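Please look over the model shown here before reading the notes. They are grouped by topic.

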Amino acid sequence: MSAPTILSLGAGVQSTALALMSGDHGYGRFWDASARCNRLAHRVALGFRQALSDEMQVDHLCRNRICVRPDHLEEVTQQENIRRALPFRVTR
Ligand SMILES: [Zn+2]
């Protein structure tokens, strides 16, 4: 596997330990230096604004998976996340 590409620092992210990288399925990843692991960037971004439940998913209201703007993100159930994504699914 190739090294992750560092795209930019996330807007509104205070910690210098976080770098936004391209990850699986187009979702951004933050490298968390203190925990020494990758975290889903959009979950980290919304986590700065509100506490997140492990059972809940974070939906991109703008449909852009790399986006980390908290005002473009909403915590929803998995069922709701799948329901919202259906109109955007590409069929071949
Ligand atoms: Zn967005």
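Two residues are in contact if their C-beta atoms, placed from the backbone, lie within 7 Å. By that rule Val76 touches Met56, Gln57, Asp59 and Asn81, leaving aside residues up to four places away in sequence. The model is predicted. Its protein chain has two helices and six strands, and along the sequence they follow the pattern β-β-β-β-α-β-β-α.

**Confidence and overall packing**

- The protein chain has a mean pLDDT of 79, and 76% of its residues reach 70 or more.
- Residues 1–17 have pLDDT below 50, and in the model this stretch has 29 contacts beyond near neighbours in sequence.
- Of the 92 residues in the protein chain, 18% are buried.
- Among the contacts in the protein chain with a separation of 6 or more, 28% join residues 24 or more positions apart.

- The largest nonpolar core has nine residues: Leu20, Phe30, Ala41, Val44, Ala45, Leu46, Val58, Val68 and Leu73.
- Helix H1 (residues 41–49) gives the largest share of this core, four residues.
- In soluble globular proteins, nonpolar side chains tend to be buried together.
- The buried residues of H1 are Ala41, His42, Val44, Ala45 and Leu46.
- An α-helix has 3.6 residues a turn, so residues three or four places apart point the same way.
- The cover over the buried residues of H1 includes strand E2 (20–22), strand E3 (28–32), strand E4 (37–40), E5 and E6.

**Strands E3 and E4**

- E3 and E4 are paired in the antiparallel sense, with four bridges between them.
- One of the bridges joins Trp31 to its partner Asn38 in E4.
- The two strands, E3 and E4, form a hairpin with four residues between them, and in the turn Arg36 has a positive phi of about 55 degrees.
- Most residues other than glycine have a negative phi.

**Strand E6: Val76**

- Val76 is part of strand E6.
- Val76 counts as partly exposed because 16 C-beta neighbours lie inside 10 Å, and the cut-offs are 20 or more for buried and 12 or fewer for exposed.
- From C-alpha to C-alpha, Val76 and Val58 are 6.0 Å apart in space, while in sequence they are 18 residues apart.

**Loop residues**

- Although Arg63 is not a glycine, its phi is positive, at about 65 degrees.
- His25 sits in the loop between E2 and E3. His25 is exposed, since there are 5 other C-beta atoms within 10 Å.
- The C-alpha atoms of His25 and Ile66 are separated by 9.6 Å, and the two residues are 41 residues apart along the chain.
- Glu55 belongs to the loop between H1 and E5. With 7 other C-beta atoms within 10 Å, Glu55 is exposed.
- Between the C-alpha atoms of Glu55 and Gln78 the separation is 8.1 Å, and these residues are 23 residues apart along the chain.

Technical notes
Residues are numbered from 1 along each chain as its sequence is written. This is a predicted model: local features need pLDDT of at least 70, side-chain atom pairs count only at pLDDT 80 or more; totals for chains, interfaces and linings use all residues. A nonpolar core is a set of buried Ala, Val, Leu, Ile, Met, Phe, Trp, Tyr and Cys residues joined through C-beta atoms within 7 Å. pLDDT is the predictor's confidence in each residue, from 0 to 100. Two strands pair if DSSP finds at least two bridges between them.
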